[in-house]
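Trainee: Could you take a close look at a single part of this one for me, and then tell me how it sits in the rest of the chain?

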Amino acid sequence: MPQPSVFDELQAISGNDGERINQVQGRETAAEYARRIKNLVQEREASERAEEERVLSKFAGLQLDKAEDMAEAALLLCQSLKDGVIARGLLLAREFLKRTCSFEGAYEFKEESAEECESRDFADLKERMQEFVRGGGGGGGGGGGEDVQSRALAVMWMGAIFLNVFVASNWTGPPMKIHFSPLPCHAEVESSSETAAKLNAASQHALEQDSEMFYDGAEKPIYLRAAITLLFDVMSESRVRPLSLPWWSARAVGIQQRLLHGRSSTLHERLFELWKDAEDALGSCPGVIMKIDVIMMVMVMVMVMVIVIVIVMVVVMMMVVVVVVVVVVVVVVVVVVVVVVMMMVLMMVVVMVMVMVMVVVVVVVMVVMVVVVVVVIWENYRTAAIRLKRWQLVLNATVELLSLKEKEVDIEILEVLVRCAIGKKQEEEEKNTSFVMGIYAEWLKEEGNLAHELDCHSKALRASQSAGWQSDANKFEQVVDVLSRLTDAYLREGSSQKLFSARSALSSALVKSKDAFEGHEGYQTLQSLLERVKSSSPSSQ
C-alpha cells in the first residue's frame, strides 16, 4: 500500500483526507481528536451535574438540628472543597446559607445608602452565623460538643469556598457565570442591575483598611467580604476553633492586604497573629513528629538486620573454615604439615580481610544512612520554616545543609533569602518617606502643581501611619501635621471626590486615636478639620 505524501498529511490535518491517512498509518486525525475531546468534556460535565444533583439531594434530606446530620453536612462541604470543584461547593454553600439565613421579599435600599445596606446585610449574616455556631440556628435545636464542632467546621468550609470563588474569579480561573453575591438576601437582585453595582462598590469600600483604597477592578468583592466575615468575624468569637482556621483566615486577610493600594499596618499585625496561631496549631499536631519517629524506627530496624546478617555470615564462614581445617589436618597431618599450616594461615588472613571489609562496608552504609536522615530532617525543617516565613530558621537550616552537602547549593532558597533581606532594607528606608514627601509637597504648592501636591501628601500620610501611631504621641503629632496639610490641599482642590477622601481620612484617624488622645490638642485639631470639610461638602450646602 503506498505511503502518504507530505501534501496528503497536510490535507489530513485540515480534515480533507483524514480517514485515509488514519487507515494507512493508524493515526488519529484532527477531527477525530476534536470529537474525542468534546465527548470527554461532555461526559465530565454530565458526571459533575449528576454529582451535584446527588449532593444537593442528599443535603436537602439532612436535618441540621441533628448532630449526625450536621456532621454529614460539614463533611459534604469539606469533600467539595477537597475535590476542587468550585461550582459544586458554591451551590452547596448557598443552599446551606438559605437554610440558616432565610430571607423573603424583594431587596431594596429604602431610605438607606448602599454602604448602610451592605453593612446591615453582613451584620445580619454575622449574627445569624454566630447564633448557628452556638447551636441556635439551622433548624433550631441546641447540640452538644460534637454538634458545635460540626457547625464551626461547616462555617469555616463555607468561608473557604467563598474565598476560592474570589481567587478563581480574579486570578486562577476558569471564568464562572455565577451570581454576584452568595448572600440569600441578594438572590433576587440581577447581577447586571444598578443595585448589584452599588452593593459591589459598597463591599469594596468596606474592604478598605487604614485609609488604603481597595482595588476597584476586583471581580465579585462580596465573596471576599463574605469569606472574611465567616472566617474571622464569626469564628473569632466562637468557643470552638478548628485546627486549620488560622490558615484559612490568614489566607483571606493576606488577599485583602494585596488588593489595597498601600500597606495596612492593622492587617499586617493581624496577619502575623494568624500565622503565629497557625504555627502553634501545626506544633500541636503530632503527625510530623510521628512520621519522623517512624522513619527513625525503620532505619534502626534495617541497621539491626544488617548487623545480624553480617554476624551470621561471619559465624558460618568461621565454622566452614574450622571444618575444612579439621578435615585437612586429619587427612594429611603426617604428610603435609607445612602445607596445612600455610593453608590455615592463608585462610585466617582471608577471613580477617573479609571481616574487615564487611565491617568497613557496614560502617560506611550506616554513616551514609545517618547523613541522609540528617539531610532529610534539615530539609523538612527548612520547608516548614519557609511555609511559616521564619527566615532566620530558613537561614540556619540552609547553613546546616551547606555544611552537609558542600557542592549542592539551592539557588532558589538563596534567592528567597536575598529578596527577604532586600525587602527588610526597603522597609527601613520607607520610614523617612513622610518627611521627604512633605517637603516635596510644599515645593509643589509654591509651584502651583496641586495634583502632584495631593499625591505627595497622600504618600506622606501613608508613611507617617506606621505601626503604633495610635498610642505614640510623637507619631500621632506627625500624623496630625500631615493630615492638616493634606486637608488644606483637598479643600483647595474642592471636588466632591477629594472632599469625601479628606473626610474618610480624618474620620479614620479620629476613630483610631480616640482611646489614647481624645483630650489631646492634636485630636481637637483633627475634629475642627473634619467640621471644616463637612461644611465645605456639597451635601452640607
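Mentor: Start with residues 323-347: the end C-alpha atoms are 12 Å apart, and the span is 84% helix and 0% strand. Helices here are DSSP runs of H or I with at least four residues, strands are E runs of at least two, and both are numbered from the N terminus. An unreviewed UniProt entry annotates both stretches, along with residues 294-316, as "transmembrane region". UniProt positions follow the numbering used here, feature names are shortened, and annotations may be inferred rather than shown by experiment.

Bear in mind that this is a predicted model, where local features need pLDDT of at least 70, side-chain atom pairs count only at pLDDT 80 or more, and totals for chains, interfaces and linings use all residues. Residues are numbered from 1 along each chain as its sequence is written, and side-chain values use heavy atoms, leaving out hydrogens and water.

Zooming out, the protein has 20 helices and 0 strands. Of its 541 residues, 35% are buried, meaning under 20% relative accessible area with a 1.4 Å probe, protein chains only. The exposed surface comes to about 31800 Å², with 60% of that from carbon and sulfur atoms; the areas come from the Shrake-Rupley method with a 1.4 Å probe, and for residues only the protein chains shown count as cover. As for contacts (heavy atoms within 4.5 Å), take those between residues at least 6 apart in sequence: 64% join residues at least 24 apart.

Methods
Buried means under 20% relative accessible area, exposed over 50%, partly exposed in between (1.4 Å probe, protein chains only).
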